[in-house]
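Visitor: I would like to go through some side chains in this model. Please keep to what can be computed from the atoms.

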Amino acid sequence: MKNRITILFTIILSFFLTFSCNDNDDEPEQEPELETFLCCGENPFSNSNVDNLDQTMGEIIPSGAFSPNGDGLNDTFAIQNIDLYANNTVIIYDIDDNVVFETNNYETNPFVGLNQSNSSELPFGTYKYKIVIENETTFVEFGYVCLIRNFSESGDFSFINCTAEDPNDPLLAQ
């Protein structure tokens with residue numbers, strides 16, 4: 001009980017100090033911009049996924065992150081074993097649900113971090129994916145993937161828990 005009170009007191013004190021120690025009371029304090037990385041955590045869409053596909057040929061395993069920086073390591077969003085299932089569709093959305101990439105037969109046209117509509121490089125960040133095999137009653141998987149091009153973009157974030165095609169990629173194995 002004493003530990004809970006100490007923790008509660010610390011939280012309240014931190015909150016008070018954060019919001020009351022502004023040197024300039026005329027200007028509202030700006031909150032720092034937060035980066036959201038959803039690619040390596042628990043999949044919030046798992047309840048929406050459908051898996052009635054016989055995956056004895058190989059399980060469909062999408063990577064949690066990729067680094068399309070031209071170094072030859074994880075330059076595409078890897079989806080293990082998708083080549084074993086010919087009738088597939090992959091759609092990539094930005095965080096605002098705009099389609100930035102869509103293809104059938106993914107293994108011949110993988111996502112390399114470019115906006116399909118204008119071939120511009122997509123910025124560092126979290127993207128959503130949808131993988132469909134056969135049709136949406138056979139197999140559909142939703143999830144997140146992080147796109148990172150260089151070390152300066154990654155800050156202190158570590159992708160060590162992400163599924164990566166090549167764990168030797170210095171951007172993903174920090």
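Visitor: Which backbone nitrogen does the side chain of D75 reach at 2.7 Å?

Guide: The model is a predicted one. D75 is found in the loop between β3 and β4. A polar atom of its side chain lies 3.3 Å from the backbone nitrogen of N69. At 2.7 Å, the side chain of D75 reaches the backbone nitrogen of G72.

Visitor: What is the nearest side chain of opposite charge to D75, and how far away is it?

Guide: D75 is buried yet has no salt bridge. A salt bridge would need a side-chain nitrogen of Lys or Arg within 4 Å of a carboxyl oxygen. The residues that D75 touches, leaving aside those up to four places away in sequence, include F66, P68 and F111. The nearest side chain of opposite charge is R149, at 7.7 Å.

Visitor: Are F77 and Y106 buried or exposed, and which residues form one aromatic cluster with them?

Guide: F77 and Y106 are buried. F101 is buried as well. Along with F77 and Y106, the residues of the one aromatic cluster are F66, F101, F111 and Y129.

Note on methods: Residues numbered from 1 in each chain as written. Predicted model: local features only at pLDDT ≥ 70, side-chain atom pairs only at ≥ 80, totals over all residues. Heavy atoms only, no water. Buried < 20%, exposed > 50% of the residue type's maximum accessible area, 1.4 Å probe, protein only. Phe/Tyr/Trp six-rings, centres within 6.5 Å; stacked < 30°, edge-to-face > 60°. Helix = DSSP H or I, 4+ residues; strand = E, 2+ residues; numbered from the N terminus. Lys, Arg positive; Asp, Glu negative; His and termini not counted. Polar contact = N/O pair within 3.5 Å; in protein donor to acceptor, adjacent residues only side chain to side chain. Contact = heavy atoms within 4.5 Å.
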